[in-house]
Amino acid sequence: QLQLVESGGGSVEPGGSLRPSCVTPTFTSPADYYTIGWFRQAPGKGREGVSCISSSGGTTYYKDFVKGRFTISRDNAKNTVYLQMNSLRPEDTGIYYCAAKRWFGASGSMCYDPQWYNYWGQGTQVTVSS
């Protein structure tokens, strides 16, 4: 059973920073076989794609509303993907999930579709409020 575990959420004021991480401790294949995506879900809204990273880490994708503020990265030796979030806004509030799909190379916009993924973590809460 593949597991993804998120951590690193929290509460910050607008303009603050957080760095959630996604650990994949039980992958039976090397971590670099999987594309990883970050999603978020605000109260009363659907789950939306935020950013994703290819299996090698060589290709990254960002939705327009986080470009220039968020940075996705991965350390395959540690089976960990990070989402550095700077200049946080109240509208960034929500539960942040990571998801995994066994996929090599660039995925294009498919990586923003939650139905494309096979495995999900339990989520970590991010709250941006003054």
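**View 1. Arginine 47 and its contacts.** Leaving aside neighbours within four places in sequence, arginine 47 is in contact with Phe39, Arg40, Gln41, Tyr97, Pro114 and Trp120. Contact means heavy atoms within 4.5 Å. Arginine 47 sits in strand β5. Strands (E, at least two residues) and helices (H or I, at least four) are DSSP runs, numbered from the N terminus. The side chain of arginine 47 makes a polar contact with the side chain of glutamine 41, at 3.4 Å. A polar contact is a pair of N or O atoms within 3.5 Å; within protein, one must be able to donate a hydrogen and the other to accept it, and residues adjacent in sequence count only if both atoms are side-chain atoms. With a relative accessible area of 32%, arginine 47 is partly exposed. Buried means under 20% relative accessible area, exposed means over 50%, and partly exposed lies in between (1.4 Å probe, protein chains only). Glycine 10 is 37 residues from arginine 47 along the chain, and their C-alpha atoms are separated by 19 Å.

This is a predicted model: local features need pLDDT of at least 70, side-chain atom pairs count only at pLDDT 80 or more, and totals for chains, interfaces and linings use all residues. Residues are numbered from 1 along each chain as its sequence is written, and side-chain values use heavy atoms, with hydrogens and water left out.

**View 2. The whole protein chain.** The chain has zero helices and eleven strands. Its C-alpha atoms fill a box of roughly 45 × 25 × 25 Å, taken along the principal axes. The radius of gyration is 14 Å, which agrees with the value near 14 Å for a compact globule of 130 residues. That radius is taken over C-alpha atoms, and the globule rule is 2.2 Å times the number of residues to the power 0.38. Buried residues make up 45% of the 130 residues. Of the contacts with a separation of 6 or more, 60% join residues 24 or more positions apart.

**View 3. The largest nonpolar core.** This core has 23 residues. Those with the most contacts inside it are Trp38, Phe70, Met85 and Tyr96. The elements giving two or more residues to the core are β4 (34–41), β5 (47–53), β7 (70–75), β8 (80–85), β9 (94–102) and β11 (124–128). A nonpolar core is a set of buried Ala, Val, Leu, Ile, Met, Phe, Trp, Tyr and Cys residues joined through side-chain atoms within 4.5 Å. In soluble globular proteins, nonpolar side chains tend to be buried together.

View 4. Which residues does tyrosine 96 touch? Not counting residues up to four places away in sequence, they are Glu6, Trp38, Phe39, Arg40, Val50, Phe70, Leu83, Met85, Gly123, Thr124 and Val126.

**View 5. Arginine 40 and its salt bridges.** The side chains of glutamate 48 and arginine 40 meet in a salt bridge at 2.8 Å, N to O. A salt bridge is a side-chain nitrogen of Lys or Arg within 4 Å of a carboxyl oxygen of Asp or Glu. Glutamate 48 is partly exposed, at 31% relative accessible area. Arginine 40 counts as buried, at 6%. The side chains of aspartate 92 and arginine 40 also form a salt bridge, at 2.8 Å, N to O. Aspartate 92 lies in the loop between β8 and β9 and arginine 40 in strand β4, so the pair ties together parts that are 52 residues apart in sequence. Both aspartate 92 and arginine 40 are buried. Salt bridges that share partners join Arg40, Glu48, Arg69 and Asp92 into one network.

**View 6. Lysine 67 and aspartate 64.** The side chains of these two residues meet in a salt bridge at 3.2 Å, N to O. Aspartate 64 is exposed, with a relative accessible area of 64%. A search of the whole structure finds four salt bridges.

**View 7. Residues in two loops.** Threonine 93 lies in the loop between β8 and β9. Its side chain reaches the backbone oxygen of proline 90 at 2.9 Å. Serine 87 is in the loop between β8 and β9. Phi of serine 87 is near 50°, a positive value in a residue other than glycine. Asparagine 79 is found in the loop between β7 and β8. Phi of asparagine 79 is near 50°.
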